[in-house]
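Welcome! Here is a short briefing to read alongside the model. Take a look at the sequence and structure first, and then we will go through them by topic.

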Amino acid sequence: PGKAAVVVGRSNIVGMPVSLLLLAKDASVQIVHSQTPVDELEAAVRSADVVVACAGSPGLVKGQWVKEGATVIDVAINAVDDASKKR
């Protein structure tokens, strides 16, 4: 059977095409985005075998939401400062 996938983002550039690619590989796909209520977003991510983060909002998906063994693809386009590095 296909994997449960969640795509966090609905853009025509990444979100929608990735969703269609996952569907073509028999994944059950759920699409959420930056305007999805946080509790629904968290529930979707927690239940997914595959998470594709492509919403363009840094920190929208929390690491503790991702279940062990899930595959995460982060399509990051935003620069975020690394607090662990000295300047």
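A nonpolar core is a set of buried Ala, Val, Leu, Ile, Met, Phe, Trp, Tyr and Cys residues joined through side-chain atoms within 4.5 Å. Buried means under 20% relative accessible area, exposed means over 50%, and partly exposed lies in between (1.4 Å probe, protein chains only). The model is predicted, so local features need pLDDT of at least 70 and side-chain atom pairs count only at pLDDT 80 or more, while totals for chains, interfaces and linings use all residues. Residues are numbered from 1 along each chain as its sequence is written, and side-chain values use heavy atoms, with hydrogens and water left out.

**Overall fold**

- The protein chain holds two helices and four strands; helices (H or I, at least four residues) and strands (E, at least two) are DSSP runs, numbered from the N terminus.
- Read from the N terminus, the order of elements is β-α-β-α-β-β.
- The radius of gyration, taken over C-alpha atoms, is 13 Å, close to the 12 Å that the globule rule gives for 87 residues, so the protein chain is as compact as a globular protein of that length. That rule is 2.2 Å times the number of residues to the power 0.38.
- Along its principal axes, the C-alpha trace spans about 50 × 30 × 25 Å.

**The nonpolar cores**

- In soluble globular proteins, nonpolar side chains tend to be buried together.
- Nine residues form the largest nonpolar core here: Val 6, Val 8, Val 32, Leu 41, Ala 44, Val 45, Ala 48, Val 51 and Trp 65.
- Both β1 (4–8) and α2 (38–47) supply at least two residues of this core, and α2 gives the most, with three.
- Another core of seven residues lies apart from it, and Ala 5, Val 7, Ala 27 and Val 52 are among its members.
- Leaving out residues up to four places away in sequence, Leu 41 touches Val 8, Val 32, Thr 36, Leu 60 and Trp 65, where contact means heavy atoms within 4.5 Å.
- Across the protein chain, buried residues make up 26% of the 87 residues.

**A look at Asp 26**

- Asp 26 sits in the loop between α1 (15–24) and β2 (28–32).
- Is Asp 26 buried or exposed? Its relative accessible area is 59%, so Asp 26 is exposed.
- Asp 26 touches Gly 2 and Lys 3, again not counting residues up to four places away in sequence.
- Asp 74 is 48 residues from Asp 26 along the chain, and their C-alpha atoms are separated by 21 Å.
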